[in-house]
Amino acid sequence: MILPSDSFEAKGKRQKLIDSLRIKGIKNDNVLEAMNRVPRHVFMDNAFLNHAYQDKAFPISSGQTISQPYTVAFQSDLLNVKKRDKILEIGTGSGYQAAILLEMGARVYTIERHRELFNRAQKIHIELGYSAHYFFGDGYEGKPQYGPYDGILITAAAGEVPEKLLDQLKTGGRLVVPLGSYGSQVMKLIIKRGKNDYEITDHGLFTFVPLLKGVVNGK
Ligand code: SAH
C-alpha cells in the first residue's frame with residue numbers, strides 16, 4: 001500500500017482544522033497537539049483525500065465511517081488520557097482515533113469486528129510507524145486478558161453499556177460511550193468509583209454508526 005505523503009499543504013490545512021476545534025470549545029492541548037501530528041488524510045479513502053481536513057465524518061470501507069475530528073477530540077478529551085495509560089478502544093475503524101491515543105502516549109488495545117477494516121488500519125499504522133495491539137473480534141466482549149484498563153473508548157453507538165466492559169475498567173477508570181439508538185446518541189462519561197459504583201455524566205448529542213454484535217469476515 002502506498003500512502004499519500006504529509007505535504008506542506010496538508011500540514012497547513014491540519015493546523016487550520018485544529019484552530020477551528022479550539023474555537024468550537026476543545027481546550028485540551030494534549031488532544032489538539034496529538035491531532036496536529038496525525039495526518040488524517042492517510043486514513044481516508046482516496047475519493048475523499050481532499051476533504052480530510054474538513055470537520056466531517058467520511059465513509060471508509062465496509063459501510064463504516066472515520067469519525068468527525070470534533071468528535072475524536074471530544075471523546076479523547078473526556079477520556080482524560082495520561083501517558084502510559086492503558087486504553088481499550090472498541091471500533092478501530094480507520095485507525096485514526098487509535099493513532100491520536102498513541103500520540104497522547106497511551107498504550108492502545110483496539111478491537112474491530114470487520115476483517116477488512118482490521119487489516120486496513122494495521123497497514124496504515126505500520127506505514128506511519130504506530131504500534132497498538134489490534135484484535136479482530138466483537139468489542140462487546142472486551143479483552144479481559146489485557147485489562148483492567150485506565151480508559152475504555154467506544155466509538156460506535158451502543159443501545160446499552162456493555163456490562164463486560166465495565167468489569168474491565170480499573171477503579172478510577174473512565175469509559176466514554178455514545179449511548180442511544182439510531183440517529184442520535186448522548187455522550188456518556190462513566191467513572192468507576194468502586195465495585196458496582198459508577199458516576200455517570202452526560203455530554204451532549206452525537207451521531208455514530210451502530211455498535212453491532214458478532215464479526216464480519218471477508219477480505
Ligand atoms: N474509531 C474509528 C471510528 C470508526 S466507526 C476511527 O477512528 O475511524 C465505528 C467502528 O466500530 C466501525 O469500524 C465498526 O465496524 C466498529 N464496530 C461496531 N460494532 C463493533 C463491535 N461490537 N466490536 C468491534 N468493533 C465494532
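The shell around the ligand comprises eleven nonpolar, twelve polar and four charged residues. The model is predicted, and the values below are computed from it.

**Ligand shell**

- Around the ligand there are 27 residues, and those that come nearest are Gly-91, Ser-94, Glu-112, Gly-139 and Leu-212.
- Four elements each supply at least two residues of this shell: the strands β2 (65–66), β3 (86–90) and β4 (107–112), together with the helix α4 (96–103).

- Ser-94, one of the nearest residues, has a side-chain N or O atom 2.6 Å from an oxygen atom of the ligand.
- In the side chain of Asp-138, an N or O atom is 3.0 Å from a nitrogen atom of the ligand.
- A nitrogen atom of the ligand also lies 3.1 Å from a polar side-chain atom of Thr-155.

**Largest pocket**

- Two or more lining residues come from each of β2, α3 (69–79), β3, α4 and β4.
- Sorted by class, the lining has 16 nonpolar, 17 polar and four charged residues.

**Second largest pocket**

- The second largest pocket holds about 160 Å³ of space.
- Ten residues line this pocket, and Ser-7, Ala-10, Lys-13, His-41 and Leu-49 are the closest to its centre.
- The classes represented in this lining are four nonpolar, four polar and two charged residues.

**Backbone geometry**

- Most residues other than glycine have a negative phi, and most peptide bonds are trans.
- Between Gly-147 and Pro-148 the peptide bond is cis, with omega near 0°.
- Pro-148 belongs to the loop between β5 (133–136) and β6 (149–154).
- Arg-84 is not a glycine, yet has a positive phi of about 75°.
- The loop between α3 and β3 contains Arg-84.

Note on methods:
Residues numbered from 1 in each chain as written. Predicted model: local features only at pLDDT ≥ 70, side-chain atom pairs only at ≥ 80, totals over all residues. Heavy atoms only, no water. Near = heavy atom within 4 Å. Polar contact = N/O pair within 3.5 Å; in protein donor to acceptor, adjacent residues only side chain to side chain. Nonpolar A, V, L, I, M, F, W, Y, C, P; charged D, E, K, R; others polar. 1 Å grid on protein atoms, 1.4 Å probe; cavity = no way out; pocket = protein on both sides within 12 Å on 5 of 7 lines; lining within 4 Å. Points joined across faces, edges and corners; volume = space filled by probe spheres on them.
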